[in-house]
Amino acid sequence: MMITPTGQALKVSLDGRFHELKEKWRSEISSADIVRDPTLPMAEARVWALEKLVDLASRGFAVAGFPNHPGTVAESVAHFEMLALGDLSLNIKSGVQHGLFGGAITNLGTSWHHERFIDGVVDCSILGCFAMTELGHGSDVQSVETTITYVPETDEYEVNSPTPTSRKAYIGNAGKDGRMAVVFGQLVAAGENQGVHAILMDIRDEDGNDAPGVETGDQGHKGGLLGVDNGTLFFDHVRVPRRMLLNRYGGVNDEGVYESEIASKNARFFTMLGTLVRGRICVGSAAAMATRKALTIATRYALQRTQFNRPGAGGEITLLDYQTHQRKLLPNIARAYASGFAINVVSEQLQRVNDTRGSDPTAARELETRAAGLKATLTRWTNDTIQLCREACGGAGYMTENGLTLLRQDADVFATFEGDNTVLMQLVAKALLLDYKKSWGELDMIGTARSGAKLLGDRFMERTTAGTTIGRLISNATLKPEAQKIKARGWHLEMFEFRERHVVEGLARRMREAGKSDGQAAFEAVNDCQSHMLEAARAHTDRVILEAFVEAISGVRDEYVRSLLIRVCDLYALSTIEDNRAWFMEHHAFDSGRSKAVTDAVDGLCKDLRGKAQELVEGLGVPEKWLNSAMLEPTREEEAAASAA
């Protein structure tokens, strides 16, 4: 399929600095390499996923960010994104092997671990698991029950599952293929619990038999991701050599004494988990890419499928000519662009934090906050939007051969792995409150209220990646007549910032009051704030995404493409404001007249961008050969482009 010049230019803009890497995927990887037959039974799907991953790795695809190997950490996210456009089982198979298993060895291990194991991780000759989650503890990693006890008599660690609920569960690669695992547990040395650490250990021999003291289990058929062999792990006092502990941040030394450069157990725990933030970024980015694929299928179908006669003009009406269909797809295409630019920004932040190796804790904390917010926001959007795309294609969308049902079932679990979305949004809210606690100290409630707006405004605007541009846009918006403000980017930014500032300020007041209670009363007070916390996290993440879009537009030099992206950004901003207009009206940000004008503007943008729908989905960057949708035929726009070429 020939891509239009506008579609190509949009794709270049959305790919950003990863364009060359992503084009290499598009030009060298065939559908046979990356697209799974959706009718494969589970056993065959597992074999397919492993074979394809080994092949891709041997050709230099799917792997980056490892010591003494080509490719940066930021590029590893781009590789993961491209895998998600093919098959999500293959994507997650790589995520387990390279992202989680390999990432843990890379980030928690030392040069000894790197030299001994990384080559085998990269080429898949050492297949591994990331054994963190237990039946009794998922998001609450700090409370896992597995123990890793130092035995001084033999200079070993003993890994044990002390209770039925300590069984490791839902672990990728544990069902069949894994031979080793990075196991997380409570490290006990000289009778003292030093908190959660990770140890590398054998779980099967070369023939696939369980290692002594290890009991593996296969969790069988799932609601999706059939190519990933999830399983369970249980340990019965398994002895592991001391050097196998991934001890970058702490472990027992040659004298048999526990040592760590980080004295605080709590700080040590969060430092260790912080090094694994790449996985969270990858989950969000992969979900967004799966949504791009669904939107491409649904939009192309809407450009070819007709329904009912056009009165007085002859011929039937194309689905995308209907306002309601435009409303389904075009705001979500705008959000796909917005999320893509946001992932580019956070990938580059990941690279900067990785390069400083923990020397900038403020930047690391900001990265963790944004990664958590994006993962939760994008995976929720993915599930909602793929379902919408399925419905937008009617009965055809329900046929397996048309590609949407497999996407829907495989993407479902993204909302709960690498952290339950509710817990992640609470993490975001807690990070937003941290600056209040540090800055306000013992201020009374009157002082708190007086300090709130200035603190939030200054602090948050300093953190943006396009601060100068945003400040100018907001200033310019205040000079525009009221009738023109609704299309002014500065007004959009001002509304997003106002919402975040107001929600977080109110949350800070409530949490401060909750902090005055003790025991059960304190829990009840904080528990009553949970919905408020989620709203604060959503408001923050929405602003981060919009600012990434604004920054991306400022770097586009082609005036036509820039003008098109401005309209797409308008649609993202205004549709988000429309989604939250009840909140804005309740808080007197605008009145009912402005609310109606926002809806009218969204309608107008959908109608305006309908004529560019083909180019917009081309810009999403999904190769034609990877769509795997039997219902798609060349559209009139595509046939015209092919004829012109």
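1. M180 in β5 is the bridge partner of G128. Strand β1, residues 128-131, is joined to strand β5, residues 180-189, by four bridges, and the two run parallel. Two strands are said to pair if DSSP finds at least two bridges between them. Strands here are DSSP runs of E with at least two residues, helices are runs of H or I with at least four, and both are numbered from the N terminus.

2. Please keep in mind that this is a predicted model, where local features need pLDDT of at least 70 and side-chain atom pairs pLDDT 80 or more, while totals for chains, interfaces and linings use all residues. Residues are numbered from 1 along each chain as its sequence is written, and side-chain values use heavy atoms, without hydrogens and water.

3. Stay with β1 for a moment: is the strand covered on one face or on both faces? Both are covered, with G128 and F130 buried on one side and C129 and A131 buried on the other. Buried stands for under 20% relative accessible area, exposed for over 50%, and partly exposed for the range in between (1.4 Å probe, protein chains only).

4. Next comes an open sheet of three strands, in the order β4-β8-β7, with antiparallel pairing. β4 (168-171) and β7 are at its edges; each has a single partner strand, so one side of each has no neighbour in the sheet. Five bridges hold the antiparallel pair β7 and β8, and V214 finds its bridge partner in β8 at F235.

5. The loop between β7 (214-218) and β8 (231-235) contains L225. L225 is not a glycine, yet its phi is positive, about 50°. L225 is buried, at a relative accessible area of 5%.

6. F308 also has a positive phi without being a glycine, near 75°. Where does F308 sit? F308 belongs to strand β12, residues 306-309. With a relative accessible area of 59%, F308 is exposed. For background, most residues other than glycine have a negative phi.

7. P212 is worth a look too, in the loop between β6 (192-202) and β7. P212 is exposed, with a relative accessible area of 73%. Although 27 residues separate P212 from R239 in sequence, their C-alpha atoms are 9.3 Å apart in space.

8. Of the 14 residues lining the largest cavity, G86, D87, K293, L406 and L407 are the closest to its centre.

9. At least two lining residues come from each of α10 (323-356), α11 (361-392), α13 (421-440), α19 (530-554) and α20 (559-579), with the largest share, seven residues, from α11.

10. A word on those terms: on a 1 Å grid over the protein atoms alone, a cavity is a set of points where a 1.4 Å probe fits but cannot get out, a pocket is an open set with protein on both sides within 12 Å along at least five of seven lines, and lining residues have an atom within 4 Å of a point.
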